[in-house]
Amino acid sequence: MLVCTAAPPRAAWRTVCALLLVSAAALTGCQKSGGSGPTASGRIDGTAPAASRTAGIGAVFLAVDECSSRGRETFTEVPCTSERAAARVVARHDGEVKEGPKCPARTDFVLHISESRPAGDEDGDGEVPQGYACMRNLEPPHPGDPGRGGGPRTLVGDCVYGAGHGQVRETACDGSGKRDPEYRITRAVAERDMCPSATQLYVSLGSERPVGCAVRI
């Protein structure tokens, strides 16, 4: 969950926004509060694309620096030299996304990997544990880059817009998305008081510098 706090500079009121990240776009529900902002983790890709194993490619399924093809519903491990290769693994973790480490900045999407235990696999070399792979496209576009309006992380340089009913969503800063941007995250700091006086929106990034300082654009 990512948290944002809308606050005109040094105003007495605060609007606290709890951000549930269910897709490449960030969705927030807001309520008024005078307290300090809660903590939050980074965004995850909630589309949960599936991955399937192709025999003979790597000892570990979708290990770091290995590549996958891209399909409508499934992704298959392929050699990075293959014409079918579309994205490269930049980080790989076992378990569920919500319980494991965050994907690196500039990750374009998260590939969810279901546990697989093939029948008749005596030595266990075909077993694939549940996990997730942080993927970056081999070629543009890169929605995980700052300002591009996507990816599983909210970064300095990203933009959001008000979606109504106390909600905001991430969108491309250059206006190429479905909605124009309204706020841009300009800085990440350790504490809210360290944001510039012009800050109008505080965004909890769930990182080493957990507070994002955003201004209206």
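Colleague: Which residues are linked in a network of salt bridges?

Modeller: The model is predicted: local features need pLDDT of at least 70, side-chain atom pairs count only at pLDDT 80 or more, and totals for chains, interfaces and linings use all residues. Residues are numbered from 1 along each chain as its sequence is written, and side-chain values use heavy atoms, with hydrogens and water left out. A salt bridge here is a side-chain nitrogen of Lys or Arg within 4 Å of a carboxyl oxygen of Asp or Glu. The linked residues are R106, D108, R136 and D145.

Colleague: How many residues apart in sequence are the parts that D145 and R106 tie together?

Modeller: The side chains of D145 and R106 meet in a salt bridge at 3.4 Å, N to O. D145 lies in the loop between β9 and β10 (159–164) and R106 in the loop between β7 and β8, so the separation of the parts they tie together is 39 residues. Strands (E, at least two residues) and helices (H or I, at least four) are DSSP runs numbered from the N terminus. The value is 39 residues.

Colleague: Is D145 buried or exposed?

Modeller: Buried means under 20% relative accessible area, exposed over 50%, and partly exposed in between, with a 1.4 Å probe and protein chains only. R106 has 43% and is partly exposed. D145 has a relative accessible area of 15%, so D145 is buried.

Colleague: How many salt bridges does the structure hold?

Modeller: Side chains of opposite charge can pair when their charged atoms come close. One of the bridges joins D94 and R92 at 3.5 Å, N to O; D94 is exposed at 52%, whereas R92 counts as buried at 16%. The number of salt bridges in the structure is six.

Colleague: How many disulfides does a search of the whole structure find?

Modeller: A disulfide is a covalent bond between the sulfur atoms of two cysteines. The search takes a pair of cysteine sulfur atoms within 2.5 Å as a disulfide. The number found is four.

Colleague: Which hand does the link of C67 and C80 have?

Modeller: C67 and C80 form a disulfide, with their sulfur atoms 2.0 Å apart. C67 lies in strand β5 (residues 67–68) and C80 in the loop between β6 (74–78) and β7 (87–94), so parts that are 13 residues apart in sequence are tied together. C67 is buried at 0% relative accessible area, whereas C80 is partly exposed at 29%. With 100° about the S-S bond, the link of C67 and C80 is right-handed.

Colleague: What is the angle about the S-S bond of C103 and C134?

Modeller: The sulfur atoms of C103 and C134 are 2.0 Å apart in a disulfide. C103 lies in the loop between β7 and β8 (109–113) and C134 in strand β9 (residues 131–137), so the pair ties together parts that are 31 residues apart in sequence. Both C103 and C134 are buried. Their link is left-handed, with an angle of -80°.

Colleague: Why is the disulfide of C195 and C213 left-handed?

Modeller: C195 and C213 have their sulfur atoms 1.9 Å apart in a disulfide. Both C195 and C213 are buried. The disulfide is left-handed because its torsion about the S-S bond is about -80°.

Colleague: Is the aromatic pair of F75 and F109 stacked, edge-to-face or tilted?

Modeller: Rings of Phe, Tyr and Trp (its six-membered ring) pair if their centres lie within 6.5 Å; planes under 30 degrees apart count as stacked, over 60 as edge-to-face and the rest as tilted. The structure holds one aromatic pair. The ring centres of F75 and F109 are 5.5 Å apart and their planes are at 40°, so the pair is tilted.

Colleague: Which strand holds F109?

Modeller: F75 is buried at 5% relative accessible area, and F109 counts as buried at 9%. The pair links distant parts of the chain, 34 residues apart: F75 is in strand β6, and F109 is in strand β8.

Colleague: How many strands does the protein have?

Modeller: The elements run β-β-β-β-β-β-β-β-β-β-β-β-β-β from the N terminus on. The protein has zero helices, and its number of strands is 14.
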